[in-house]
Amino acid sequence: MKKNRLLAKWLNDDLSPDELAAFEASPDFEKYQKIKKYTAHLDAGDFDENSMLSNILSQKKAVPKVVPLYKKWMPRAVAIFVLALGITFAMKVFIPQTETADFGKKTAFSLPDNSEVVLNSGSEINYKKWNWDSNRHLELKGEAYFKVAKGRKFEVQTRLGKVTVLGTQFNVKARKNRFDVMCYEGRVKVNYGNTEILLTHGQSVRFENGKQIKMTVSSLQPEWMNDQICFYKENIRTLLDEVERQYNIKIDLNTKDTISLFTGKLPAKDLNTALQIISTTYHLEARKVSNNKIIFDEK
């Protein structure tokens, strides 16, 4: 502290002769002497506090630009909305559409040209909305009834064959190795392998394992649309497969007799009556082991 006081007095030339002699004899005097020498020419100038304050106040303050948050996000939100709208439109128009009817249910819907379709139980249809009027083509798995609006060629493609029409009412069924087409109005062209035939009103054709059977149709629409299952010379396993689809149940058959053929109708909304008819026809006994499983045993 005494050393600092002496340094201050030396800088202001206030040291007494004795104090000056003692300060000059100190080991740091030479360093202080050099500092004083090199800073003697520096001039800090007079400090005018009032002038500086006036200068600061007279300067124009820059107002920061504030952008509302909604203005930052609005363009992004609009872009996202437009993108989502475009994706939704593409999915509805370009991506194949699928209509299904689960076991125990039927599904009715209209195509883009207002053609009407009814899917039977356990069936599926795939089609594209894009350019539908110029390319009326769909793929069917199972069975469906069509009431086609007039227009360009209408095609129903199945794994077993193809049906082509211009405007008519018809039924198509493709299950396992069985392909059935029934014409209720107008004309339909049926392709099965290398075979091509033309059906008119009231005609029907069945292809199974390479064999072809032609039949007549007396009804105005498929019986299954009126909750009836119609069979013509069907074996018991095919009959039970259809009953399983209509009632959404599982049926086990404990009998060796699968040769006898069945022709007739079964109700599609009365399981007990349907089981009774099957039991009487084939001399079987039906057992309900659960709500959705039936076992047929030989009597």
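**Salt bridges in the predicted model**

Lys 106 is partly exposed, with a relative accessible area of 29%, where buried means under 20%, exposed over 50% and partly exposed in between (1.4 Å probe, protein chains only). This is a predicted model, in which local features need pLDDT of at least 70 and side-chain atom pairs count only at pLDDT 80 or more, while totals for chains, interfaces and linings use all residues. Residues are numbered from 1 along each chain as its sequence is written, and side-chain values use heavy atoms, with hydrogens and water left out.

Lys 106 has a partner in Asp 227: their closest N and O atoms lie 3.6 Å apart in a salt bridge, defined as a side-chain nitrogen of Lys or Arg within 4 Å of a carboxyl oxygen of Asp or Glu. This pair links distant parts of the chain, 121 residues apart, with Lys 106 in the loop between strand 1 (97–101) and strand 2 (107–110) and Asp 227 in the loop between strand 13 (211–216) and strand 14 (228–235). Helices (H or I, at least four residues) and strands (E, at least two) are DSSP runs, numbered from the N terminus. Asp 227 is likewise partly exposed, at 31%.

In total, 15 salt bridges are counted. Among them, Lys 153 and Glu 155 pair at 3.4 Å, N to O; Glu 155 is buried at 14% relative accessibility, whereas Lys 153 is partly exposed at 46%.

Within helix 6 (residues 236–247), Arg 237 and Asp 241 sit four residues apart, about one turn of the helix.
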